[in-house]
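Subject: Structure handover

Hello,

Here is the structure for your files. My notes on it follow below.

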Amino acid sequence: MPLNSSWVSSANSAETDFPLNNLPYGVFSTDTLDARCGVAIGDMIFDMYAAEEQGIIDLTDEPLFDVPFWNELMEQGPAVWTALRNRLTDLLAEGSKDQALVEPLLVPMANATLHMPLVVSEFTDFYAGRHHATNVGTMFRGPENALPPNWLHIPIGYNGRASSVVVSGTDIRRPWGQLKSPDHDLPAFLPSRRFDLELEMGAIVGMASDGPITVDEADAAIFGYVLLNDWSARDIQAWEYQPLGPFQAKATATSISPWIVTKAALEPFRTSTPDREFELLDHLKDTGPMLYDIDLSVTLAPEGKTATTIAQTNYREMYYSSAQQLAHHSTSGCPMNVGDLLGSGTISGPTKSERGSLLELSWGGKEPVTLDTGDTRTFLEDDDRLTLTGHAKGDGYRVGFGTCSGTILAALDDPYKC
Ligand code: MN
């Protein structure tokens, strides 16, 4: 598919994340405008609150954009999702007869602050990247037992916390926790010394369900995708995770990119999951290409220094799609809600430069990563700034996610000392 030209000239650059083909959904404010829904187009944001107020967007009897989150649009279902995308495409396309109406409602992105684009109902994080699971399993349990016996049959996950999902740009405070070093018999309560990132994609559920759904139904229920960084305290995790899985190690924060890239925008970039070692049971079988070809990268910048790319990989490396994860999540009868966020699991590729966490990049801290600045890292240090980026590449354009950044703040003083 070629670039769809827009009268917003910055949207026609091959380098922008936000051409007319994309139209991602966010929430923004400025010095003079309260937080509201907006659509990114080139280096501008189309003010959806104002557009609806002025009758330029008029899809439903009740207003959709009188609130600063996209859940109300999601609740309308796929017919309205499509109607909105078609209307936006008409309004912003080269030669649109409505240019004069829309132009005053564009806000320069440079003047805007971006906020959480949705109310996250619940957050579940999976562990569905085979290279990541193999690397971590090899470090924790040895190469013979790297993949647990269930891994090739179900997408393993844990129920995370919606309360600590934050938007890109939010600082991340190094957590305290109970941890035990291998050299000591007893645990201690300390700031995490092995604080890490995880490069993931997040899928946003746009249609509720109440009971088991198929992979096709799950795919239809997904509204869009964001970049996701599942901040992880490895030392807390190593001590707490058996037998019920991660808990406080993952509860500090999860960052997401501020723009929801819709499934419709990603449609040209669908790709298949890898070959199966074991045939999946019927309820999880692949029914079509449900991953996406999205280039992903991570940079690390020490305080006041330039950023180094520490990993580059692609979303197509996943073993399970988000649709398979969502279908699996529903098998027990678990109701799924509009605004549920599903983390893909860390996305690592087969080579060292494709590893989506410092745990893997530094092989458990044994092989420090050297940055372009000459600094070395095993895990994150205070004031490090981490940035995830991602985009799918079309013919002369790209569909991008913007950035998902966070800066590590030093741990507070001991929170339990008076
Ligand atoms: Mn994770």
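In what order do the five strands of the open sheet with mixed pairing stand? The order is β9-β28-β27-β21-β22. Strands here are DSSP runs of E with at least two residues, helices are runs of H or I with at least four residues, and both are numbered from the N terminus. Two strands count as paired if DSSP finds at least two bridges between them.

Before the details, the conditions. This is a predicted model, in which local features need pLDDT of at least 70 and side-chain atom pairs count only at pLDDT 80 or more, while totals for chains, interfaces and linings use all residues. Residues are numbered from 1 along each chain as its sequence is written, and side-chain values use heavy atoms, with hydrogens and water left out.

The mixed sheet

The edges of this sheet are β9 (172-173) and β22 (308-314); each has a single partner strand, so one side of each has no neighbour in the sheet. β9 pairs with β28 in the parallel sense over two bridges, and R173 has L409 as its bridge partner in β28. β27 and β28 run antiparallel and are joined by eight bridges; T387 is partnered there by S405 in β28. The hairpin of β27 and β28 has four residues between the strands, and in it G396 takes a positive phi near 85 degrees. Strand β21 (residues 295-301) pairs with strand β27 (residues 385-393) in the antiparallel sense over seven bridges, with S297 opposite T389 in β27.

Strand β28 (residues 398-409) is mostly covered, with nine of its 12 residues buried. Buried means under 20% relative accessible area, exposed means over 50%, and partly exposed is in between (1.4 Å probe, protein chains only). L409, which lies in β28, has 25% relative accessibility and therefore counts as partly exposed. Leaving aside neighbours within four places in sequence, L409 is in contact (heavy atoms within 4.5 Å) with D171, I172, R173, R174 and D382. The C-alpha atoms of L409 and D383 are separated by 5.7 Å, although these residues are 26 apart along the chain.

The antiparallel sheet

Another open sheet of five strands has antiparallel pairing and the order β4-β3-β2-β1-β5. Its edges are β4 (106-108) and β5 (113-115), each with a single partner strand, so one side of each is left without a neighbour in the sheet. From one strand to the next, the twist averages 50 degrees; for such angles, axes are lines fitted to C-alpha atoms, for helices over the stretch in contact, and values run from 0 to 180 degrees between N-to-C directions. Strand β1 (residues 25-29) and strand β2 (residues 36-41) run antiparallel and are joined by four bridges. F28 stands opposite R36 in β2.

A11 is found in the segment before β1. Its relative accessibility is 0%, so A11 counts as buried. Not counting residues up to four places away in sequence, A11 touches L3, S6, T16, F18, P19, L20, I41 and G42. A11 and N22 are 11 residues apart along the chain, with 9.7 Å between their C-alpha atoms.

The manganese ion

Which residues are the protein donors of the manganese ion? They are D125 (OD), E198 (OE), E200 (OE) and D230 (OD), lying 2.1 Å from the ion. Donors are N, O and S atoms within 2.8 Å of the metal (3.2 Å for Na, K and Ca); water is not among the atoms, so sites may look incomplete. Along the chain, the donors follow the spacing D-x72-E-x1-E-x29-D.

The buried residues include L326 and H329.

The secondary structure comes to 10 helices and 28 strands. Of the 418 residues in the protein, 53% are buried. Along its principal axes, the C-alpha trace spans about 70 × 50 × 45 Å. Among contacts between residues at least 6 apart in sequence, 71% join residues at least 24 apart.

Regards
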